[in-house]
Structure formats: C-alpha cells, structure tokens
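Dear colleague,

Please find below the structure for your review. My notes on its contents follow directly after it.

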Amino acid sequence: MGAPEAGRLSRPVAVGRIHPFVAALFTGFTLALSVMETNAAIGPVFAYLGTYTGGGEHQNGEGIYRFALNPRSGELSNRQLAARTPSPSWLALHPSRRYLYAVNEVEPFSGGGSVTAFAVDRASGDLRPLNTVASGGASPAHISLDATGQWAFVANYAGGAVAVLPVHGDGSLGDAVCVRRAVGPVDASHTAGADSGSAAGGGQPAAHAHMIQADPGNRFVLATDLGQDRIFSYKLHPATGQLTPVAGQSFVSLPACAGPRHFVFHPNRRWMYCLQEAASTVAFFRYDSSHGTLSLEQTISALPPGTTGANFSSHIALGPTGRVLYAANRLHDAISAFQIGLDGRLAFLGESPTMGRYPRSFAIEPGGQFLFACNQHTDNITCFRIRPEDGLLGFTGRVIPAPTPACLLFLA
C-alpha cells in the first residue's frame with residue numbers, strides 16, 4: 001500500500017532555509033538517538049504492564065507486571081509481578097519518573113473507582129505502594145499528569161466524570177479537588193455518522209469519559225467523552241487544580257455514535273489527532289494553544305480502504321519522528337499506519353496484523369525502534385520493528401506471554 005515518496009527529504013538544504021516542519025522532524029530523530037544513548041548510560045529500561053484482574057473472562061492478571069527491555073533486540077524478559085492491585089488498566093508516570101500511578105478500573109471503592117500511587121525504585125524497578133484514593137467516579141479508564149507533576153487527571157468511564165487529584169510532595173495522591181460531571185444530551189441514534197461496516201450501530205446511550213490530558217503548553221486540559229461524542233476543553237488553574245470550561249468553545253462535537261476515545265498531540269503543538277472507537281475513524285484537528293480550542297480539518301478511516309465488518313478502534317500514538325501516526329483496531333486485530341503530510345493531513349500507509357486478538361493498546365519503547373501490541377484476548381504482547389525509512393511495522397517474531405494485557409508503560 002502506498003509508501004512515502006522516496007528521497008523527499010534527502011536533498012541537502014541550507015540550514016537557514018529548512019522548512020519548520022522538516023526541522024522538527026530532524027529534531028525528533030536527534031532526540032530519539034539521544035534517548036537511546038542516555039538509556040545505555042543510565043542503566044536498565046523497564047516496562048510496566050497494567051492488566052485486568054478478577055478471574056472472570058479476559059481478567060487473568062494479578063496487577064502490574066514488570067519486564068526488562070533489551071533496547072537493541074526488543075526483547076522483554078524477566079517478568080515479575082511488581083504490584084498486586086485491582087484492574088490497573090491504565091498507567092502513568094510522574095514527570096520526575098520517581099512515581100507511577102494506576103487507575104483501578106473497578107466500582108466498589110467508596111462507591112466508585114480508585115487510583116493507586118507507587119514509588120519507583122529506579123535501580124531495581126520495584127514498586128512500593130504509597131496510597132489509594134477515590135477516582136471521582138466509577139470505572140476509571142485513564143490517568144495522566146500535568147507537566148509540573150502537581151495534578152493528576154482521571155477519566156471515569158461509568159458516568160462520565162473527570163477529576164483532578166493533587167499530587168503531594170512524596171508522590172502520594174490527595175482527594176479530588178475538582179470533579180466535572182457530564183452534562184447535556186446523549187444522542188443514542190444508531191447509524192448517524194457511523195462509517196459503513198463499523199461497530200457504531202449499538203450506540204452509547206450514556207456519558208463515558210475515556211481520556212483526559214493537559215495540552216503541550218499545560219494551560220488547558222482536554223477530555224474525550226465516548227458517549228456524548230464530544231471533546232471537552234477546560235482551562236487549568238495551576239494554583240488550585242480547578243478546571244473551568246473554555247469560553248466560547250467548551251467542546252467540539254463528533255458525529256453521533258462516533259465515540260471519541262484517545263487523542264495525541266503532534267510535537268509541533270498545533271495538530272491533534274483523535275481516534276473514534278465506534279466509527280473507526282481518525283480526526284485531525286488544528287489546535288489553538290492560545291484559547292484551548294479545536295477546529296476539524298480531516299476525518300479518515302482508521303481501517304484500510306474498503307474494509308467492512310465490525311471493529312472497535314482502541315489506541316493512537318505518533319511514531320518517533322512525528323511523520324507517522326499509528327492506530328490500533330480491535331476485532332480487525334491490526335495496527336494501521338498513516339503518513340502525516342506537511343499540512344498535518346493523514347494518508348493511509350499500510351497495516352500490520354497484531355498476531356494476537358483484541359489489541360487494547362500499544363506502546364513504542366523510548367528508543368523508537370520497537371512497537372509492542374497488548375493483545376487482551378490472547379494473553380500476549382507482540383513486538384514489531386519500526387522501519388526507519390517509512391514507519392511501517394515488521395513483526396519480529398517475538399510473542400511475550402502476558403495475562404490480559406491492557407497498557408504498557410516504559411521507564412528509561
């Protein structure tokens with residue numbers, strides 16, 4: 001399937017005349033090399049795996065597992081149970097990299113879900129529990145931290161609430177200082193806006209917050225609601241952790257039953273890409289960092305052209321150079337790759353089967369050479385090499401046993 005235009009960036013250009021986007025690409029490549037050299041200097045690279053627990057169907061995990069990564073071969077080895085904690089389905093690192101946080105995607109804690117904080121032993125990779133607090137809602141699905149490390153943001157899938165938790169000096173978490181609950185109607189129509197052959201027909205007749213994250217400037221916080229088909233924008237008040245809706249455009253709407261799930265910002269801070277779970281689409285937005293607002297520029301299928309049949313898109317991430325975007329598709333059980341043009345628009349490059357079923361998420365290791373898919377229904381992680389010439393994925397043959405993998409996080 002179409003490959004990038006050969007030699008497009010190979011001609012020497014005077015430094016003063018380099019296009020800003022091209023300069024950003026070279027910067028990204030240089031940073032990737034720098035990270036690889038730093039990793040070799042400071043010691044081991046650890047991978048932490050969040051799993052689903054409970055013993056039911058596709059709930060075979062016991063908590064958070066730790067692996068050692070060989071950054072040259074892509075091998076994950078020495079699996080250890082680092083922490084017993086219920087259904088840590090999403091993980092996040094503190095900016096200091098001294099603390100790790102896990103949502104507990106359950107409902108019984110204080111009438112809702114919970115979040116657990118851990119201290120990280122950088123030498124051994126061991127996790128030491130600090131505390132567990134309520135997540136501000138039920139079934140938390142995502143956690144992230146602001147750039148200062150003072151605030152943790154949590155998206156609670158059941159009920160649609162998003163919450164802000166203070167991070168104390170010792171890395172532990174405080175009770176929520178801000179909880180924003182979903183308001184407004186939910187469109188439960190069956191087919192409007194859904195791509196042919198997608199799984200959007202069932203609808204999502206309830207609010208379902210799925211992801212929350214600060215923008216690159218740490219001034220605004222964006223949150224997706226899969227049930228309301230909206231991406232909300234909030235102004236972050238750094239002294240108090242309060243979130244207030246952005247004036248003039250507190251949210252953008254996606255087509256009914258599209259199901260916005262995960263998003264990612266481009267390194268240039270001006271582009272944002274959002275993956276729709278039910279409609280199996282990727283939306284490209286231009287981002288106004290001065291006002292925290294989005295404007296839709298393009299919507300493209302997350303699947304290869306002409307694909308039919310049910311699918312649930314799950315996760316999205318940028319490649320190490322910022323030139324390629326990846327999107328995982330469950331049921332279709334593959335990862336699509338898209339070329340990012342100089343204007344930010346996407347073009348389908350190709351796809352790679354994940355060699356397992358139901359890829360819930362994937363992660364790219366710090367050196368930018370390998371991508372790992374978490375195949376939830378086949379209890380394994382599969383490893384792919386990222387081709388530097390075009391960003392397409394090649395299966396390495398490595399299949400790592402892992403119980404009900406949900407989220408993989410690297411510490412370098």
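Glu62 is partly exposed, since its relative accessibility is 38%; here buried means under 20% relative accessible area, exposed over 50%, and partly exposed in between (1.4 Å probe, protein chains only). Its salt-bridge partner is Arg84, with 2.5 Å from N to O. The term salt bridge stands for a side-chain nitrogen of Lys or Arg within 4 Å of a carboxyl oxygen of Asp or Glu. Arg84 is exposed, because its relative accessible area is 63%. The two residues belong to distant parts of the chain, 22 residues apart: Glu62 is in the loop between strand 1 (45-51) and strand 2 (63-70), and Arg84 is in strand 3 (residues 75-84). Strands are DSSP runs (E, at least two residues), numbered from the N terminus.

Please note that this is a predicted model, in which local features need pLDDT of at least 70 and side-chain atom pairs count only at pLDDT 80 or more, while totals for chains, interfaces and linings use all residues. Residues are numbered from 1 along each chain as its sequence is written, and side-chain values use heavy atoms, with hydrogens and water left out.

The structure contains 7 salt bridges. Side chains of opposite charge can pair when their charged atoms come close. One of these salt bridges joins Arg387 and Asp390, whose closest N and O atoms are 2.2 Å apart. Arg387 is partly exposed, as its relative accessibility is 37%, whereas Asp390 is buried at 8%. Salt bridges with shared partners also connect Arg261, Glu277 and Arg330 into one network. Within it, the closest N and O atoms of Glu277 and Arg261 are 2.7 Å apart. Glu277 lies in the loop between strand 18 (271-276) and strand 19, and Arg261 in strand 17 (residues 260-265), so this pair ties together parts that are 16 residues apart in sequence. Glu277 is buried, with a relative accessible area of 10%, and Arg261 is buried at 4% relative accessibility.

Turning to the strands, strand 19 (residues 281-288) pairs with strand 20 (residues 293-301) in the antiparallel sense, over 8 bridges. Two strands count as paired if DSSP finds at least two bridges between them. Tyr287 has Leu294 in strand 20 as its bridge partner. The hairpin of strand 19 and strand 20 has 4 residues between the strands, and Gly292 in this hairpin takes a positive phi near 75°.

An open sheet is formed by 4 strands in the order 21-22-23-24, with antiparallel pairing. Strand 21 (312-318) and strand 24 (346-353) are at the edges with a single partner strand each, so one side of each has no neighbour in the sheet. On average, neighbouring strands of this sheet are turned by 25° against each other, direction ignored. Strand 23 (residues 334-340) pairs with strand 24 in the antiparallel sense over 7 bridges, and Ile335 stands opposite Ser352 in strand 24.

Finally, which residues make the nonpolar surface patch of about 260 Å²? Met355, Phe395 and Val399 make this patch. Patches consist of residues with over 30% relative accessible area and no salt bridge, nonpolar side chains (Val, Leu, Ile, Met, Phe, Trp, Tyr) being joined within 5 Å and like charges within 9 Å. Val399 is located in strand 28 (residues 393-401) and is partly exposed, given its relative accessibility of 44%.

Yours sincerely

Conventions
Axes fitted to C-alpha atoms, helices over the stretch in contact; angles between N-to-C directions. Areas by Shrake-Rupley, 256 points an atom, 1.4 Å probe, with all protein chains shown as cover.
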